[in-house]
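Please look at the sequence and the model before reading on.

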Amino acid sequence: MDFNMKKLASDAGIFFTRAVQFTEEKFGQAEKTELDAHFENLLARADSTKNWTEKILRQTEVLLQPNPSARVEEFLYEKLDRKVPSRVTNGELLAQYMADAASELGPTTPYGKTLIKVAEAEKQLGAAERDFIHTASISFLTPLRNFLEGDWKTISKERRLLQNRRLDLDACKARLKKAKAAEAKATLVGGVWVLTAALPCPAQAEQELRVAQTEFDRQAEVTRLLLEGISSTHVNHLRCLHEFVKSQTTYYAQCYRHMLDLQKQLGRFPGTFVGTTEPASPPLSSTSPTTAAATMPVVPSVASLAPPGEASLCLEEVAPPASGTRKARVLYDYEAADSSELALLADELITVYSLPGMDPDWLIGERGNKKGKVPVTYLELLS
């Protein structure tokens, strides 16, 4: 118990000395040991890395989970070290509502059939979103959190320790300065040592200064090594950023394919917008300028892309232009919707070119003696 009391008194004395030194520095009454410019740059870069990592982490969480209540719930589960329960995505919930609506309104009606098809696509979108959130959380969010909760806490701890060592060093410098001044004054006056009895002798103050300088230098080196490790952190975060972009690209590519397939399926539905034999509202006058026929946006046929008077031109009769053909690599598998399109296999090379008046989203593709329309988004154009 006696030993603990002595240690407590010693710690209190050190804390008081540091507080006095810190206060005098703030009021400009004490000198402060400055760190070299390189060390200051390392500190500034570390602080900037921490601040921007926090902002990127928080905004990515908002991107993956826009609902703030859900984010708070997931945060609490993580702090309690419990597994976050599986959550239905908005796309999956919409798919369920559409499927239930089709079941109640009539799954054999044009509206019911369309609801079922759209529900299947929305369910696929929801599943793709779930996979994207899971992949992004593991490959991107987790490394950022590990830096903030691990490496940065270690750096902050060592920086606080370095600050304490610097305060101790400057306090020792101040005591040595006062001891030398008191010694010089006592010599001049004739040796009135009573006035300086509370101060250590210069030799003792110099010994304390050497010890404080050694501890400060050792702690500065430890902190410097940790701060230089921020470069490795940047490399790690760069790799994680590439993984995030890759997962996001895969997610949006899956969404595009699902919606493109859905659009083609709906375009094949006969009379999707014809309605029942008893319309819900009287037909508009055909002379009205506001009359417009509701049509499903389907992919244009080659005949519709041909110039006037050549609608009956067969695709086999279309000759490639003398110049303007390019090679293209297929990014994804593509199933032809009809005979005017060319089925594609991922990673194969084909020749592509455009015809006058064609939709810019489509090209004519050739593979051997086969020819057909191909979507531009499935291709990587080469030189």
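Strand β2 (residues 349-353) pairs with β3 in the antiparallel sense over three bridges; two strands pair if DSSP finds at least two bridges between them. Helices (H or I, at least four residues) and strands (E, at least two) are DSSP runs, numbered from the N terminus. The model is predicted: local features need pLDDT of at least 70, side-chain atom pairs count only at pLDDT 80 or more, and totals for chains, interfaces and linings use all residues. Residues are numbered from 1 along each chain as its sequence is written, and side-chain values use heavy atoms, with hydrogens and water left out.

**The sheet**

- Five strands make up an open sheet with antiparallel pairing, in the order β4-β3-β2-β1-β5.
- Because β4 (370-375) and β5 (379-381) stand at the edges with a single partner strand each, one side of each has no neighbour in the sheet.

**Strand β3 and its partners**

- T351 has E366 in β3 as its bridge partner.
- Six antiparallel bridges join β3 (residues 362-367) to β4.
- Opposite K373 in β4 stands I364, and opposite V374 in β4 stands L363.
- The hairpin of β3 and β4 has two residues between the strands, and G368 there takes a positive phi near 65°.
- Five of the six residues of β3 are buried (under 20% relative accessible area, with a 1.4 Å probe and protein chains only).

**Helix α2**

- Helix α2 (residues 37-64) has 28 residues.
- Among the buried residues of α2 are F39, L42, L43 and A46.

Conventions
Expected span 1.5 Å × (residues − 1). Buried < 20%, exposed > 50% of the residue type's maximum accessible area, 1.4 Å probe, protein only.
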